[in-house]
Protein chains: 2
Amino acid sequence: MLQGGMTVIAGVSGGADSTAMLHWLVQHAKAFDIHVIAAHVNHGIRGAEADRDEAFVQKLCGSMDVPLRILHADVCAEAKKTGEGLEECGRRVRYAFFYQLCEHYQNVCIATAHTLSDCAETVLLHLTCGAGASGLAGIPPVRGNIVRPLIAVTRTQTEQYCKDYGLPYVTDSTNADASFSRNRIRLRVIPELKEIDPNFEQAAGRAARSLREDEDCLKQLAKQALQTAVCRDGWKAPLLCGQPRAVRMRALYFAAKSAGAGRLEQKHLDALDRLLFSGGGCTLPGGCTARVEQGILLFPQKTADYCVPLCLPQTVLPDGRVLEIKILDRTTFEKEKPKIIFSNCLNYDTITSDAVVRTRRSGDSFSPAGRGVTKSLKKLLNEHCIPPSMRAGLAILSCSTEILWIEGCGPSEKAKVTQTTQHIAVVKIKECVGNGKSDAR
Amino acid sequence: MLQGGMTVIAGVSGGADSTAMLHWLVQHAKAFDIHVIAAHVNHGIRGAEADRDEAFVQKLCGSMDVPLRILHADVCAEAKKTGEGLEECGRRVRYAFFYQLCEHYQNVCIATAHTLSDCAETVLLHLTCGAGASGLAGIPPVRGNIVRPLIAVTRTQTEQYCKDYGLPYVTDSTNADASFSRNRIRLRVIPELKEIDPNFEQAAGRAARSLREDEDCLKQLAKQALQTAVCRDGWKAPLLCGQPRAVRMRALYFAAKSAGAGRLEQKHLDALDRLLFSGGGCTLPGGCTARVEQGILLFPQKTADYCVPLCLPQTVLPDGRVLEIKILDRTTFEKEKPKIIFSNCLNYDTITSDAVVRTRRSGDSFSPAGRGVTKSLKKLLNEHCIPPSMRAGLAILSCSTEILWIEGCGPSEKAKVTQTTQHIAVVKIKECVGNGKSDAR
């Protein structure tokens with residue numbers, strides 16, 4: 001957990017847990033060869049009490065000769081701005097401060113005073129949300145560069161430690177308010193469970209550890225499953241369907257997250273899972289959509305509509321791609337014919353000076369070369385088996401009100417290359433590099 | 001859950017849950033094409049109240065025209081005999097009765113009235129024991145031929161059902177006794193958790209379902225891991241070491257169980273896990289031992305010591321194997337030499353009429369042929385690299401106080417075959433068939 005030469009940024013609220021931790025770290029700083037720094041956040045929520053706590057921590061650190069960094073935050077205002085809950089917002093602000101402090105050091109970790117009691121509370125709190133292994137896994141001893149030196153001891157033990165060493169500590173008055181869920185669990189639920197087994201916190205800790213191992217293993221398998229199923233546009237649905245549900249649901253979670261989905265609930269994952277087997281689409285939080293088309297799970301990136309003037313030889317499209325037009329005379333065209341995809345050739349002379357490259361619009365119709373019909377673009381794209389998820393992003397070359405060429409469909413009857421066409425425009429769309437939306441982390 | 005043409009044996013205690021279930025099953029018997037039979041166990045624990053319940057169930061079934069089977073058991077006496085807890089013993093007796101009733105029918109299942117509330121209680125009860133996913137997975141809707149038609153509804157809902165249909169039911173007076181752990185959870189813990197989320201039971205049910213999926217997947221992987229690692233004597237330790245801990249611990253559980261281990265706790269699995277990495281041995285409940293030797297995890301079967309007179313040509317050993325002695329004259333011996341393993345040849349004339357086949361005894365010493373030394377058997381077996389786990393079962397051919405031949409080591413100096421030996425005894429030990437101790441279920 002702690003390595004020699006490390007700088008340890010200890011989060012100190014002034015309560016029994018963090019006071020005990022700070023004392024313990026300072027006592028062992030020499031033996032562990034660590035450098036301890038305290039960090040305190042005044043959330044500005046509990047008024048005078050918060051200022052009392054700040055003064056207490058200042059005195060405490062002074063007495064232990066520990067450098068202290070303090071942040072004054074207005075968590076109420078911040079939470080109002082972001083729409084977060086007070087507790088959630090406070091946690092975010094706190095960790096942001098800790099991480100910010102980390103930037104000043106090389107070999108650094110953040111120590112938080114979470115105890116076995118906190119872990120047991122977290123397990124029960126997550127149970128009331130119907131969480132799976134990931135939530136019921138409680139608080140891990142180490143996460144990234146955050147360490148919890150007290151995770152194996154109970155709150156009662158930290159209080160005893162403070163007593164043993166004559167350490168004063170402050171008590172958060174809101175701790176006694178059972179209208180907060182965590183307090184209710186601490187004050188009313190855990191004491192009852194301790195009547196059943198006095199070592200309830202240890203038991204919950206064992207359960208959490210075991211579920212953490214399960215979660216680690218299943219997450220790993222989910223990532224492997226995604227790697228195996230990955231293809232150009234997304235993931236091969238049948239390969240994901242073949243996975244056990246425990247692996248599949250985690251794979252769907254990672255896939256949706258990598259596509260930018262917001263906070264995913266069970267119902268969203270269930271919806272994704274149904275897609276996998278029956279196809280179709282669904283909407284996810286964060287304005288993300290998912291589709292399963294032709295056996296591929298994909299998360300179509302919302303493409304902003306655009307309409308830009310055609311530039312020769314290259315038009316940079318707002319979606320980051322580049323439309324390139326090469327103009328060939330008849331002779332060169334005949335020579336290069338074998339290398340040319342004909343759906344990308346059109347009569348250059350039909351391209352007027354008002355030509356634009358744009359995305360599709362509702363009501364677009366098109367007369368594909370050699371078909372003798374005019375159809376709605378929707379019908380035509382269906383016929384061409386272009387998945388709906390890709391239609392929004394198709395580049396269309398249009399002059400005044402007439403479409404001359406559509407990406408993936410080819411030229412219009414009017415723009416097609418005939419035996420007499422003298423100047424042939426060969427269109428090529430170059431993908432931008434690094435658009436790896438199927439990268440599963 | 002229920003299929004047409006089925007006989008459903010409904011466990012009925014007379015409480016709200018089982019009364020509602022019986023009524024529901026009877027109401028839907030025609031539509032589901034099922035035949036309902038009620039089964040009641042009078043555990044003989046609550047005296048007059050138990051008799052009241054029995055009479056109630058009799059009346060209930062009479063009013064619904066449902067055949068009723070009743071078992072009178074003395075669970076107190078039975079529990080005293082087996083050392084089980086009352087509740088554990090009651091459950092065993094009850095299910096044994098249900099299974100016994102099943103034997104009279106072809107297409108049959110057992111319906112128990114477990115509700116979502118029971119499931120939530122079970123999850124919390126297992127959390128107080130520090131159980132992993134397997135315990136926290138609660139009560140499955142279907143297990144073997146046991147079905148739980150009420151597993152998605154709460155106890156409150158079954159009580160409402162009884163009210164709606166004007167169904168009377170009995171109440172177990174011990175239900176109010178919070179000194180029973182389950183009652184404490186029902187009466188004191190769950191009401192507090194429902195203050196946090198009124199749908200706590202549904203949340204716990206969701207958590208249980210998710211953990212059940214995890215458990216199913218990890219169990220399956222553990223069985224696959226065992227199959228891959230299996231070898232003649234046990235399982236290849238390095239292959240098991242390469243598995244994630246979540247899979248490994250379950251594989252160790254199955255392996256120990258298949259070797260006849262009793263009730264395994266976390267500490268036993270931890271001990272087994274340490275063995276895998278560092279070798280050595282440990283003792284498990286149920287008189288089972290485990291060892292890792294030369295990279296193999298094995299569970300040496302305790303071999304009863306024996307000493308039986310040598311019979312020619314075959315001696316059936318008490319461990320189920322057969323020791324066979326073929327006597328060759330010099331000429332035949334010379335001819336068959338290439339096919340003979342010399343460690344299994346001895347001078348027939350040294351075998352006296354008091355010869356026995358026996359297992360090793362402490363203090364045994366032996367003079368191996370051609371070595372010119374007499375050593376303790378222990379030292380010798382070490383030199384022969386015979387793993388301790390296999391030593392107890394070695395067959396030893398002995399005359400009066402002298403050992404002539406040891407399985408795996410060969411003849412003694414005295415019994416060895418020389419150029420002048422006229423009658424040569426060739427020993428062969430035939431394994432009994434079907435001794436597949438490495439079969440992982």
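I looked up Glu402(B) and found it partly exposed, at a relative accessible area of 33% (buried is under 20%, exposed over 50%, partly exposed in between, with a 1.4 Å probe and protein chains only). Lys414(B) is also partly exposed, at 48%. Glu402(B) and Lys414(B) form a salt bridge, with the closest N and O atoms 3.2 Å apart (a side-chain nitrogen of Lys or Arg within 4 Å of a carboxyl oxygen of Asp or Glu). I noted that this pair links distant parts of the chain, 12 residues apart: Glu402(B) is in strand 19, and Lys414(B) is in the loop between strand 20 and strand 21 of chain B.

The model is predicted; local features need pLDDT of at least 70, side-chain atom pairs count only at pLDDT 80 or more, and totals for chains, interfaces and linings use all residues. Residues are numbered from 1 along each chain as written, chains are lettered from A and ligands numbered from 1 in the order written, and side-chain values use heavy atoms, without hydrogens and water.

Next I looked up Glu213(B), which forms a salt bridge with Arg209(B) at 3.2 Å. They sit 4 residues apart in helix 10 of chain B, so about one helical turn separates them (helices are DSSP runs of H or I, at least four residues, and strands are runs of E, at least two, numbered from the N terminus). Glu213(B) is buried at 16%, whereas Arg209(B) is partly exposed at 42%.
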